[in-house]
Number of protein chains: 2
Amino acid sequence: MKNLLVAQSGGPSAAINATLCGVIEKGLANQNIDKVYGARNGIIGLLSDRMIELNALVSDPQALQLLCQTPSSALGSCRMKLSHWKESAFEYEKIISVFRKYNIGYFIYIGGNDSMDTVHKLAEYCRFKKINDICIVGAPKTIDNDLVETDHCPGFGSAAKYIATTFSEIACDCNVYALPAVTIVEVMGRDAGWLTAASALGRINGDAAPDFIYLCERPFSVEDFLRDVRKKLAEKHAVVVAVSEGIQNEAGEYITECMQMKGEDAFGHKILAGAARYLEEVIREEIGCKVRSVELNLMQRCASHVASAADIYEARLLGMAAAEYAVAGGSGKMAAIKRASTTPYRFALDFVDIEKIANKVKTVPDDWINEEGNDVTPEMLDYLLPLIQGELPCTYQNGVPVHFKLF
Amino acid sequence: MKNLLVAQSGGPSAAINATLCGVIEKGLANQNIDKVYGARNGIIGLLSDRMIELNALVSDPQALQLLCQTPSSALGSCRMKLSHWKESAFEYEKIISVFRKYNIGYFIYIGGNDSMDTVHKLAEYCRFKKINDICIVGAPKTIDNDLVETDHCPGFGSAAKYIATTFSEIACDCNVYALPAVTIVEVMGRDAGWLTAASALGRINGDAAPDFIYLCERPFSVEDFLRDVRKKLAEKHAVVVAVSEGIQNEAGEYITECMQMKGEDAFGHKILAGAARYLEEVIREEIGCKVRSVELNLMQRCASHVASAADIYEARLLGMAAAEYAVAGGSGKMAAIKRASTTPYRFALDFVDIEKIANKVKTVPDDWINEEGNDVTPEMLDYLLPLIQGELPCTYQNGVPVHFKLF
């Protein structure tokens, strides 16, 4: 009888612990698995032999429920890429020795792009070394929604729901005064505009924001932006704009770099202003009306209290499926979501060769952005809508959500 | 039979519409009141005769419930102070003529400090002019919690609950990597630190943030701040700090002004960086570890989806009480909350002379801040805790909260 190991990697999300939960549940329930271990801080915990046994810690339904409403990685995380084993096998040998020490037969790695690179290299190494009794499977996670070969990524739906909710609330907030005002809201995403696109859902019940949406997939023109805002200010007093943190000009430079090139800050080094902060200055200078910038910052990836039920459900299912697949002997694959239909929303789980996924980025298709490049199309809304459906009961204590702590 | 008028003023909150709801409910149910009117954008709507009849618009329980879960002022708001009637009576005469036109016998003004100044002046003017058939009553509202003569202000509890929830989630978010990192979170409040103090509730269920809390009531020393952070980084890797936007140095200068004096931005004018952004640079320069600044910005005052049930309940009760008091002939007062006991939490409503309230600010008592000036005391927690209790059902549609629109 073998043991199962699970670890988490990459940036926090509201759903990564739901996937962990799914893996643990399958591990506990499967009669071919003895113990379920977690490695602390992803493969760093593996390399440094920092393992914890999860069986006793996460065994009752209440613990599993609390784990699902706890944002970020309960096992801790890392940002680490393995060098290729052909160049340096040291890390691989260390990892295999830890697998042997704990009698690990199945390893589930939950994470984004870099983590799938780890799954790919580890599985390849095992194949090359003819290590056939260790199955390695990836489970996707990234609020950025930029993994290929899966319809969407767990964590994205909850971030999208937070963003939609927040834009609908900001719409109410910005509309109170009868004065011209511009509010620029910066959403995470340097390479892919999925999260920024989700701001469009803020309008779905008739709230008045955002007025414009600029994704990082299209070159950003300050002139066009000013023209859009001026035109809208002639129609209404409160204009709300959503921008991706990664918007770039025609030359492919981040627009924040333009600012950095122009000025240096008080300490003599470059100003690290965000895109919204930069555009706030542009509006102040060029239009001169009241203007404010807002960054959704950490909140968009950790606001578990407003998680999407659809997202948490799928995240948990993917964790279960990944564990089941590994126990059945599968390796070198990532559990993925295939959308069967949008209306009604139906999906199936699938397993995709990991080399198709690692180090690739899925950006927003150009035809899901409108011609003017200042909004998304109805196809984008159709795609997004099922992912934010449903609210979960959240356990509060003393008026604040309860979070599960593994250590 | 007279009509009742209600208007809203000042900055948005998650509870100001609950007070509006209470006023409307009382207005609709009271047999001595014919119509309930709302003035758009506070007294600006009064001065410009922009009135809407609310009877038909907000008459069913569902509309009232949706109104209570809608952030910001459904009637619109303003930031306007009346000049004194002894200097210029023009605005007063205009307001009284609009009262007469709509047969207003009762006027409830919901707002903060400036709005209570308006109530004060209007009531005084009526008394001086022997206008005895118009009763003017204030209902408090401010997330800043800085009105005197009331234990706390509606809107504060919901903002405090959002802040506590967000700190508990940020604690999870910041703890994932095994690297030294500092996160500085800026909370609203230029003159009073109540909201920043509420971050302490983020720890109430054992979450690890904030590590330090700096309120604007105490002079802020960058040296002490760096000493605190360095000491904490020796104990744990993720340090989270809460700061009031209005922290000032010993000389009484906002610390952001220090930065502005040092540097100018790309456009040649002063950098309008917030306190957290400034301290981010200080940490980067002086400690050199990973550092990030977060502003809770608009979200802390409009996150109705995570409103405090206690706050919304009290806000509604205060609206009802203010309307009832006016109809009974009371004028020149503000409805206030008197705390009868903390454990168990009990309160009563009271009516306070408006001149005791207008233009005064209630700051955090010095003995509710610890000696080092980097945290709050247990007395502060006892005070805060009842205000964030309870969660409300929030009506979602399409995965996003529904907001009520009056126009």
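Trainee: Which domains does the assignment give for chain A?

Mentor: Domain bounds come from an automatic or database domain assignment. For chain A this gives domain 1 (2–142 + 304–359 + 390–401) and domain 2 (156–301). The model is predicted: local features need pLDDT of at least 70, side-chain atom pairs count only at pLDDT 80 or more, and totals for chains, interfaces and linings use all residues. Residues are numbered from 1 along each chain as its sequence is written, while chains are lettered from A and ligands numbered from 1 in the order in which they are written.

Trainee: How many residues of domain 1 of chain A are in contact with domain 2 of chain A?

Mentor: Two residues are in contact if their C-beta atoms, placed from the backbone, lie within 7 Å. By that rule, 11 residues of domain 1 of chain A meet seven residues of domain 2 of chain A. The domain 1 side divides into seven nonpolar, three polar and one charged. Here Ala, Val, Leu, Ile, Met, Phe, Trp, Tyr, Cys and Pro count as nonpolar, Asp, Glu, Lys and Arg as charged, and the others, Gly among them, as polar. The C-alpha centres of the two domains of chain A lie 34 Å apart.

Trainee: Which residues touch the most other members of the largest nonpolar core?

Mentor: A nonpolar core is a set of buried Ala, Val, Leu, Ile, Met, Phe, Trp, Tyr and Cys residues joined through C-beta atoms within 7 Å. The largest has 285 residues, and I108(A), A160(A), A322(A), I108(B), A160(B) and A322(B) touch the most other members. Leaving out residues up to four places away in sequence, A322(A) touches V23(A), I108(A), V137(A), A139(A) and A335(A).

Trainee: What rotation superposes chain B on chain A?

Mentor: Copies are superposed by least squares on the C-alpha atoms of residues with pLDDT of at least 70 in both. The rotation is 180°, with 0.0 Å of shift along its axis and an RMSD of 0.0 Å. That is the relation of a two-fold axis.

Technical notes:
A residue is buried if 20 or more other C-beta atoms lie within 10 Å of its own, exposed if 12 or fewer, and partly exposed in between; C-beta atoms are placed from the backbone.
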